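Here is a friendly briefing to read with the model open beside you.

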Amino acid sequence: MIQESEVIVFLVSIGCLIFICLNLQRLKMLPSWRLFLGSFYVLLVGLGLTILEGFIYGDILNLLEHICYAGNAILLSIWGWQVFGRRRPE
């Protein structure tokens with residue numbers, strides 16, 4: 001069974017995806033932009049799996065959903081380390 005909050009979060013994320021598509025050229029100016037956007041795409045897949053698990057293959061999709069959330073956290077952490085964690089020469 002799906003929850004209304006899951007659908008709302010997914011729809012807001014689709015709105016963010018539309019924003020990304022409309023502003024892709026500007027987002028490409030971010031350092032390591034591929035990691036940043038990749039982490040969002042993995043999150044979006046996880047959110048989609050959250051809704052799908054209410055209809056089919058509940059246990060398998062739940063596992064894949066949590067793998068996507070972990071992948072999102074890892075990619076975003078790597079991006080943050082690359083952008084903010086490196087020491088800059090003085």
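Phe84 is exposed, with a relative accessible area of 62%; exposed means over 50%, buried under 20% and partly exposed in between, using a 1.4 Å probe and protein chains only. This is a predicted model, in which local features need pLDDT of at least 70 and side-chain atom pairs count only at pLDDT 80 or more, while totals for chains, interfaces and linings use all residues. Residues are numbered from 1 along each chain as its sequence is written, and side-chain values use heavy atoms, with hydrogens and water left out.

**Aromatic rings**

- The structure holds three aromatic pairs; rings of Phe, Tyr and Trp (its six-membered ring) pair if their centres lie within 6.5 Å, and planes under 30 degrees apart count as stacked, over 60 as edge-to-face and the rest as tilted.
- One of them joins Phe36 and Trp79 in a tilted arrangement, at 4.6 Å centre to centre with 45° between the planes.
- Phe36 lies in helix α3 (residues 33-52) and Trp79 in helix α4 (residues 58-85), so the pair ties together parts that are 43 residues apart in sequence. Helices here are DSSP runs (H or I, at least four residues), numbered from the N terminus.
- Phe36 is partly exposed at 28% relative accessible area, whereas Trp79 is buried at 12%.
- Trp79 also pairs with Phe84, this time edge-to-face, at 5.9 Å centre to centre and 90° between the planes.
- Together, Phe36, Trp79 and Phe84 make up one aromatic cluster.

**Helix α4 and its packing**

- With 28 residues, α4 reaches 38 Å from its first C-alpha to its last, close to the 40 Å expected at 1.5 Å a residue; the expected span is 1.5 Å times one less than the number of residues.
- Which residues of α4 are buried? They are Leu61, Glu65, Cys68, Asn72, Trp79, Gly80 and Val83.
- These buried residues of α4 pack against α3.
- Asn72, in helix α4, is buried at 14% relative accessible area. Leaving aside neighbours within four places in sequence, Asn72 is in contact (heavy atoms within 4.5 Å) with Ser39, Phe40, Val42 and Leu43.
- Ser39 belongs to helix α3 and counts as buried at 3% relative accessibility. Not counting residues up to four places away in sequence, Ser39 touches Asn72, Leu75 and Leu76.

**Nonpolar core**

- The largest nonpolar core has five residues, namely Ile20, Leu27, Leu37, Phe40 and Leu44. Such a core is a set of buried Ala, Val, Leu, Ile, Met, Phe, Trp, Tyr and Cys residues joined through side-chain atoms within 4.5 Å.
- Helix α3 gives the most to this core, with three residues.
- Ile20 touches Leu27, Leu37, Phe40 and Tyr41, again not counting residues up to four places away in sequence.

**Cysteines**

- How many disulfides does the rule give? The count comes to zero, where a disulfide is a pair of cysteine sulfur atoms within 2.5 Å.
- Cys16 is in no disulfide, and the nearest cysteine sulfur, that of Cys21, is 11 Å away. Cys16 is partly exposed, with a relative accessible area of 36%.
- For Cys68, the closest cysteine sulfur is in Cys16, 17 Å away and too far for a bond. Cys68 is buried, at 14% relative accessible area.

Note on methods: Helices (H or I, at least four residues) and strands (E, at least two) are DSSP runs, numbered from the N terminus.
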